[in-house]
Amino acid sequence: MDQTQHYSSVGSLGILGGMGPKATAVFFDRIIERTQAECDQEHMDMLILNHASIPDRTETIATGEKEQFLHVIAKDFALFEHANVSNIAIPCNTSHYYFDEMQQMTSIPIIHMIDETWKVVYHKYGAGSRAAILATNGTVRAGVYAKSNQAFPIQLVEHDEEIQKQVMDIIYNDVKSQNNCDPAKLESLIDQLINRYECDCIILACTELSCIPLSEAYSAVTVDAMNVLVDRAIELSGRTVKDIYSTSETK
């Protein structure tokens, strides 16, 4: 699979966050937790922009008003340029619908969370495996994962509208609105996808879902796109990912 993205191999990280704020906080925490470091100075330098007022990505895609989204993040990329960060991480799956346009706005490499996630799924589960995504309506209907999936011999399984409604309820009502990270609802959906849809892997393709702590059994059948982005950010900073947290294990 030739999915080559030219990133800087070492240096500070720019995080374009706020989509949503809770997910950004979790992303930052996981970078700290997953970095092999014994003192402050062994962690990476980061510039975090918690730009919470960015227009909702699902709504922007639905209305076709991409300029509304791109216009407000232009100053964020300018700040990253001024700070001379080496790579940019955007812990929001839906925003990657605009990846090409965003990359054209800056000379700094943006880590492609979607491509990197499919790489992990391929290496962990292998060719011919069946994977489903749990994501926002914007990510699902815009084909954010489907487009990248074409480069890999993995079947992307589509689930029904009722499951999608439940996913949106978890994302917008439980996590974004009420800061409720109870895993019961999410684990129930994973059960359905593994048993009824015969999936080998479930991709947590929304960073709000990444805020929900899953039991070990459910973590074993999921690939969390946020974790993938965390690990690549650590590696590209010239640091080492702790082995016990690595998402890059092969099957």
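In which loop does Pro183 lie? Pro183 is found in the loop between α8 (161-177) and α9 (184-195); helices (H or I, at least four residues) and strands (E, at least two) are DSSP runs, numbered from the N terminus. The model is predicted: local features need pLDDT of at least 70, side-chain atom pairs count only at pLDDT 80 or more, and totals for chains, interfaces and linings use all residues. Residues are numbered from 1 along each chain as its sequence is written, and side-chain values use heavy atoms, with hydrogens and water left out.

**Surroundings of Pro183**

- Pro183 counts as partly exposed because its relative accessibility is 22%; buried means under 20% relative accessible area, exposed over 50%, and partly exposed in between (1.4 Å probe, protein chains only).
- Leaving aside residues up to four places away in sequence, Pro183 touches Ile212, Pro213 and Leu214, where contact means heavy atoms within 4.5 Å.
- From C-alpha to C-alpha, Pro183 and Ile212 are 5.8 Å apart in space, while 29 residues separate them in sequence.

**Packing of α1 and α11**

- Helix α1 (residues 21-34) and helix α11 (residues 225-236) have axes that come within 10 Å and cross at roughly 50°; axes are lines fitted to C-alpha atoms, for helices over the stretch in contact, and angles run from 0 to 180 degrees between N-to-C directions.
- α1 and α11 are therefore oblique to each other, given that angles under 35 degrees count as roughly parallel, over 145 as roughly antiparallel, 65 to 115 as roughly perpendicular and the rest as oblique.
- On the α1 side the contact involves Ala23, Val26, Phe27, Arg30, Ile31 and Arg34, and on the α11 side Met226, Asn227, Leu229, Val230, Asp231 and Ile234.

**Aromatic pairs**

- There are 4 aromatic pairs in the structure; rings of Phe, Tyr and Trp (its six-membered ring) pair if their centres lie within 6.5 Å, and planes under 30 degrees apart count as stacked, over 60 as edge-to-face and the rest as tilted.
- Phe69 and Tyr98 are stacked, because their ring centres are 5.0 Å apart and their planes stand at 25°.
- Phe69 belongs to helix α3 (residues 66-83) and Tyr98 to the loop between β3 (87-89) and α4 (99-104), so the pair ties together parts 29 residues apart in sequence.
- Both Phe69 and Tyr98 are buried.
- Trp118 and Tyr145 form an edge-to-face pair, 6.0 Å centre to centre with 65° between the planes.
- Trp118 and Tyr145 are each buried.
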